[in-house]
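Work through the exercises below with the structure in view. Each task is followed by a solution in steps.

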There are 2 protein chains.
Amino acid sequence: MSWNKVAVVGAGLIKMGELFEQSYEQMAAGAFDAAVASVDKGFEPHQVDAAFVATQRGTLWGQEGIGGNTIPTAIGLAGIPCTRIENACPSGSDAFRVGAMAVASGVHDVVLVIGVEKMRDKSSEEGLLSRAAAGHPIFTRGETAPVLFAPFATRHMHEFGTTREMLASVAVKNHYNGARDPYAHFQNEITVDDVLKSPSVCHPLHLLDCCPQTDGAAAVLLVNAERVREFTDKPVYAAGFGVATDHPYLHEKDSFTEIKVTRMASQRAYAMAGVGPGDIDCAEVHDCFTITEILDIEDLGFFDKGDGGRASLEGDTSLTGRIPVNTSGGLLAKGHPIGATGVAQITECWWQLRGEAGERQVETRNGYALQHNAGGRGSGVAVVNILTNRTDTS
Amino acid sequence: MSWNKVAVVGAGLIKMGELFEQSYEQMAAGAFDAAVASVDKGFEPHQVDAAFVATQRGTLWGQEGIGGNTIPTAIGLAGIPCTRIENACPSGSDAFRVGAMAVASGVHDVVLVIGVEKMRDKSSEEGLLSRAAAGHPIFTRGETAPVLFAPFATRHMHEFGTTREMLASVAVKNHYNGARDPYAHFQNEITVDDVLKSPSVCHPLHLLDCCPQTDGAAAVLLVNAERVREFTDKPVYAAGFGVATDHPYLHEKDSFTEIKVTRMASQRAYAMAGVGPGDIDCAEVHDCFTITEILDIEDLGFFDKGDGGRASLEGDTSLTGRIPVNTSGGLLAKGHPIGATGVAQITECWWQLRGEAGERQVETRNGYALQHNAGGRGSGVAVVNILTNRTDTS
């Protein structure tokens, strides 16, 4: 029996990319407008009771402490409660969960969740990821994001025979999907050969194994399930969610062939939604690197441990495969504007469950879509949200 | 009829001060231990279902993205969901609200809220407040926290005849109270003359009109009201809460004699709790500067607009006054470790409503205590929480 106390009645995003010409507030406003416009029976902005903003930007642009609470003013809703949610790469996913709990609590009936991030306005040295990498003075020496994930790739190759071609097939698939997503940062197809011959970043990860630095914003509108018919006759519900935390540093990991928090968070989400991995029709997962998607599809239970590379290479996760993964293009092609990423993934799930994903549309015969992010030095936290269009479980 | 769906069954803090010898994680662990130890019928750490961490620290110490999610590991609870809540100076207050909604949603029965902040490890120039002050390249030129509040003081003096002695009386009272609070940063009494003769910071605010830079941590344990008797026979409930946002920059303010967000947030909290200002027995309010407390006690409805200075000078807010304010010593004496501040204020309210405030104990004949923070360039956001020991309303 799914949770289904909260419905998603609107969702939207702005075109991801290098958005030097847009301010942080402009990006948020663009996403909000898109979400409002998507509500089937119409939505007036003043109907929003409270907002949650996922962002890490406060860190860099002198906005610490006002990165969340200036958003209401920027979108014409000065006065409403607004709270910043930060939880590393899953910030947007967690803001969705917190917003859903705020609705389910009965305190707020209509909640806006906005994810927004500027990644490109500062150089890499001054940027968000280098700051995040500063951390512990010893454990994090020389640490960059590729450095955090490369050992998982080499170990997976060692234990299971995973190849660079298998890794590359993830990037090829996600670029294929991104080329069909008008909101994706990169909308060009690539080949396995392109990935293999792209510059090495940190063995075995090459440039096209890595997601880009992307600016972007996304927004969703949540309402109390009892009021959903005021807004739409095609409801999508939050079926369940789960979060898990772990030690953030690599030297404390139990294993380099799984992201433990992904497994734990998904188990919690499946239990809450009353479903299992076999019930999921499609998934948006955290593919910050190609190896990450291979780990994800195993740790989420879609494939046996060690089988993720083969499954990717053989098309099991393509638009027409057994379980389509990252139909939006994923972080690899759509981009990874940190606070916005999870909210944008939820938007893709919403479109898929409503049959509105255009060229990317997949079959959703069970009526469940899953969304997943991991982060916090790569594997310190994960969030999984499960959405459904099934009303028989509400 | 108060909300009363969520009970506070434990609360505690560490001694505030310059805690160079303690890490961020150690401070959080100290506060958690204090909260656990305070539960009447005992509490096992593993009973915590989820945590919310209020902090702004991620900004400075290279912990962006792991400032919240490393806390479970640090306190022996690796694995549990943990989310960072950031909302400027009211971060801790808002984390309490979010934690309460998580419990009321039915998703988590037992929630830990921790506030923690290191303010002293870096110099003022590198520090949190200077970074927060960076902001807009034009509107924030030369802006420091005293600069944000001084215009409110001069205008209040101009319109209502408020005097420097009236401002000083707030600092004198709060230091008197702080001298009776073993957790306060400053535990020494001061005189009006001390305040008047302290160095000028930004006219009319002198050094002793300003709160210090303080390290600290505080924690509270929230449970579903239906389960409160497992933990205590002296329950305290979240009766109601409210949040409001506004433009963050001074040039956009409608008025310099009120903090609008404080008025709006308190009206929402009163409505939710089904009480008015006259029902509040004691209050912890945001006295980052002496003028701020004078504005607060007016904007919260305890005194008429313009009467806050007189009321302070004449002792209406002292431990034996009509409505005791900042019995803990307030930000001025107890300190203002940003993420921890609101959680520490809630702890003081909890002690007062349970009759456990020692020398600082006041009469709580109505059974309601109010807690308030404002922030985000001083007046961009406010949060008000109302607690009650009344069980007849639950």
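**Exercise 1. Helices α3 and α12 of chain A**

Task: Find how α3(A) and α12(A) are placed, and which residues meet.

Solution. The model is predicted. Begin with the axes: those of helix α3 (residues 91-104) of chain A and helix α12 (residues 338-354) of chain A come within 5 Å and cross at roughly 60°. Next, classify the angle. Angles of 65 to 115 degrees count as roughly perpendicular and those under 35 as roughly parallel; α3(A) and α12(A) are therefore oblique to each other. Then list the residues in contact. From α3(A) come S91(A), G92(A), S93(A) and F96(A). They meet I338(A), G339(A), A340(A), T341(A), G342(A), V343(A) and I346(A) in α12(A). Last, sort this contact by class: it has 5 nonpolar, 6 polar and no charged residues.

**Exercise 2. Helices α6 and α9 of chain A**

Solution. On the α6(A) side, the contact is made by L167(A), A168(A), V170(A) and A171(A). On the α9(A) side, T290(A), I291(A), E293(A) and I294(A) take part. By class, the contact of α6(A) with α9(A) has 6 nonpolar, 1 polar and 1 charged residues.

**Exercise 3. The surroundings of α9**

Task: Decide how many residues of α9(A) are buried, and name what they pack against.

Solution. A residue is buried if 20 or more other C-beta atoms lie within 10 Å of its own. By this test, 10 of the 10 residues of α9(A) are buried, so the helix is largely enclosed by the rest of the structure. Charged residues are on the buried list, including E293(A), D296(A), E298(A) and D299(A). The packing partners in chain A are helices α5 (145-160), α6, α8 (260-273), α10 (308-313) and α11 (330-333), together with strand β10 (368-375). After α9(A) comes G301(A), with a positive phi near 90°.

**Exercise 4. Strand β7 of chain A**

Task: Which strands pair with β7(A), and in what sense?

Solution. Start with β7 (residues 216-224) of chain A itself: 8 of its 9 residues are buried, and the strand is mostly covered. Strand β1 (residues 6-13) of chain A is joined to β7(A) by 7 bridges, and the two run antiparallel. Within this pair, V8(A) stands opposite L222(A). Strand β4 (residues 110-117) of chain A also pairs with β7(A) in the antiparallel sense, over 8 bridges. Here L112(A) has L221(A) as its bridge partner.

**Exercise 5. Strand β8 of chain B**

Task: Is β8(B) largely enclosed or open, and which strands does it pair with?

Solution. In strand β8 (residues 236-245) of chain B, 10 of the 10 residues are buried, so the strand is largely enclosed by the rest of the structure. Strand β1 (residues 6-13) of chain B is antiparallel to β8(B), with 2 bridges between them. One of the facing pairs is A7(B) with Y237(B). Strand β11 (residues 381-388) of chain B pairs with β8(B) in the antiparallel sense over 8 bridges. There A244(B) stands opposite A382(B).

**Exercise 6. Confidence**

Task: What confidence does the predictor give chain A and the complex?

Solution. Chain A averages a pLDDT of 93, and 93% of the residues score at least 70. For the complex, the ipTM is 0.96 and the pTM is 0.97.

Definitions and conventions. Residues numbered from 1 in each chain as written. Chains lettered and ligands numbered in written order. Predicted model: local features only at pLDDT ≥ 70, side-chain atom pairs only at ≥ 80, totals over all residues. Contact = placed C-beta atoms within 7 Å. Helix = DSSP H or I, 4+ residues; strand = E, 2+ residues; numbered from the N terminus. Buried ≥ 20, exposed ≤ 12 C-beta atoms within 10 Å, placed from the backbone. Pairing = 2+ DSSP bridges. Axes fitted to C-alpha atoms, helices over the stretch in contact; angles between N-to-C directions. Parallel < 35°, antiparallel > 145°, perpendicular 65-115°, else oblique. pLDDT = per-residue confidence, 0-100.
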